[in-house]
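Hi everyone, and thanks for coming.

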Amino acid sequence: MTTLSIVMLTIAAWGQRLVGAFLIGPWLEKRPILARAAGLIPAAVVMAVIVQLTVARGSSLVVDERLAGMSVAAVLVWRRAPFIVVVLAAAVVTASFRALVG
Amino acid sequence: MAITFFSLGVTLQVLLIDNGTSSTRALVASVVIFSATSQFAYLAVRDGGGGDWAAIAAGWVVATRFGILAVSLSSRLPQGFWRRAAASINAFDPNVAVAVQQTTPWEVEREFWRTTAGMMLGWFSGLAVGTLLGNVLGDTQRLGLDAIFPAALLAIIGNLLRRRDGFIAGIAGAAICLVLLPIVPAGLPIIVSVFGVAISLIMVRVPGEPRTRRSESASDGEQS
């Protein structure tokens, strides 16, 4: 990570919490539809990050072992498995497919 | 909860070091940024060939999650700027979820800090172990560690995706990213995916009249 990115992301993570608590919070209370929209942002954006990490190689789409690992992880998250189990299963499945194919 | 944050800390450090960040820098970054999801988003864009600013923008968009958590926590705490500020900057999914289930402001505060203490213990020891591991692991691709990264993110937002509107927003965001990825510069698909929220709002109507807050605040507490 670059120094610039460390500084900027620190401002993002700390600043947005404070802005949220003291400025946006009271304002959103009166606007339920915007409050609901704000609550949904993480779902949309984090899913996009997941897509990028699972099927992208640079700017091209590829289907490889990562997709197998992620499918297993998705089922485990759905079944409410503990965090450590989800993460380890994703790694083990991906590594196994890689060993079989490569 | 401590175990979850311990594994999150280990995962993040291993990935940062694997990405070419020196161990000292990775440790400093994770301690001061204090937001694993923003760092994951940043790394995702950099890995995809995006520039520094595109990656930072993605990290900012992802960090809105913390702003939202701070909103639901802050109004439930006892009055006082410093007391609310201190709690807000420590707002993460699990401690806010536990805290907002309490009834009086003092109970909210007590349970919040109790959960936070456990999380921090796990987080900082996880960072330490991950920093050590990151240097000895060797070929992380062979170990499937690149799949840990999206799996960890999915586990973090799991409860949000369990709600109907959260699920549709997630699928829409994923679809937008999938379509745009081959055609626009790296980083942009993640930022544009925010419009998945609009699709969800159009498709899912809140039961009852649109002005009730009751159903929302009840479901907000669930996204731990």
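Two notes on the ground rules before we go on. This is a predicted model, where local features need pLDDT of at least 70, side-chain atom pairs count only at pLDDT 80 or more, and totals for chains, interfaces and linings use all residues. Residues are numbered from 1 along each chain as its sequence is written, chains are lettered from A and ligands numbered from 1 in the order in which they are written, and side-chain values use heavy atoms, with hydrogens and water left out.

Let's look at chain B as a whole. Chain B has 12 helices and zero strands. Read from the N terminus, its elements go α-α-α-α-α-α-α-α-α-α-α-α. The radius of gyration of chain B is 19 Å, close to the 17 Å from the globule rule for 224 residues, so chain B is as compact as a globular protein of that length. Here the radius is taken over C-alpha atoms, and the globule rule is 2.2 Å times the number of residues to the power 0.38. The C-alpha trace of chain B spans about 55 × 40 × 30 Å along its principal axes.

How much of chain B is buried? Of its 224 residues, 55% are buried. By that I mean under 20% relative accessible area, while exposed means over 50% and partly exposed is in between (1.4 Å probe, protein chains only). As for contacts, meaning heavy atoms within 4.5 Å, take those in chain B between residues at least 6 apart in sequence: 68% of them join residues at least 24 apart.

Now to the salt bridges. A salt bridge is a side-chain nitrogen of Lys or Arg within 4 Å of a carboxyl oxygen of Asp or Glu. By this rule there are 10 salt bridges over all chains. Please find Arg36(A), which makes a salt bridge with Asp165(B), with 3.1 Å between the closest N and O atoms. This pair crosses between chains, running from helix α2 (residues 32–55) of chain A to helix α9 (residues 164–180) of chain B. Both Arg36(A) and Asp165(B) are buried.

Here is another one: Arg98(A) pairs with Asp146(B) in a salt bridge, the closest N and O atoms being 2.9 Å apart. Why does this pair join two chains? Because Arg98(A) is in helix α4 (residues 83–101) of chain A, and Asp146(B) is in the loop between α7 (105–136) and α8 (148–162) of chain B. These two residues, Arg98(A) and Asp146(B), are also buried.

Let's turn to a salt bridge inside chain B, where the side chains of Glu111(B) and Arg114(B) meet at 3.3 Å, N to O. Both lie in helix α7 of chain B, three residues apart, which is about one turn of the helix. Elsewhere, salt bridges that share partners link Arg36(A), Arg163(B) and Asp165(B) into one network.

Next stop, Ser193(B), in the loop between α10 (188–192) and α11 (196–203) of chain B. Its relative accessibility is 0%, so Ser193(B) counts as buried. Which residues does Ser193(B) touch, not counting residues up to four places away in sequence? They are Ala44(A), Val45(A), Ala48(A), Gly173(B) and Ile176(B).

Finally, a look at the backbone. Most residues other than glycine have a negative phi. Arg80(A), though not a glycine, has a positive phi of about 60°. You'll find Arg80(A) in the loop between α3 (65–78) and α4 of chain A, and it is exposed, with a relative accessible area of 58%. Phe34(B) also has a positive phi, near 65°, and is a residue other than glycine. Phe34(B) sits in the loop between α2 (23–33) and α3 (36–47) of chain B, and at 6% relative accessibility it counts as buried.

Technical notes: Helix = DSSP H or I, 4+ residues; strand = E, 2+ residues; numbered from the N terminus.
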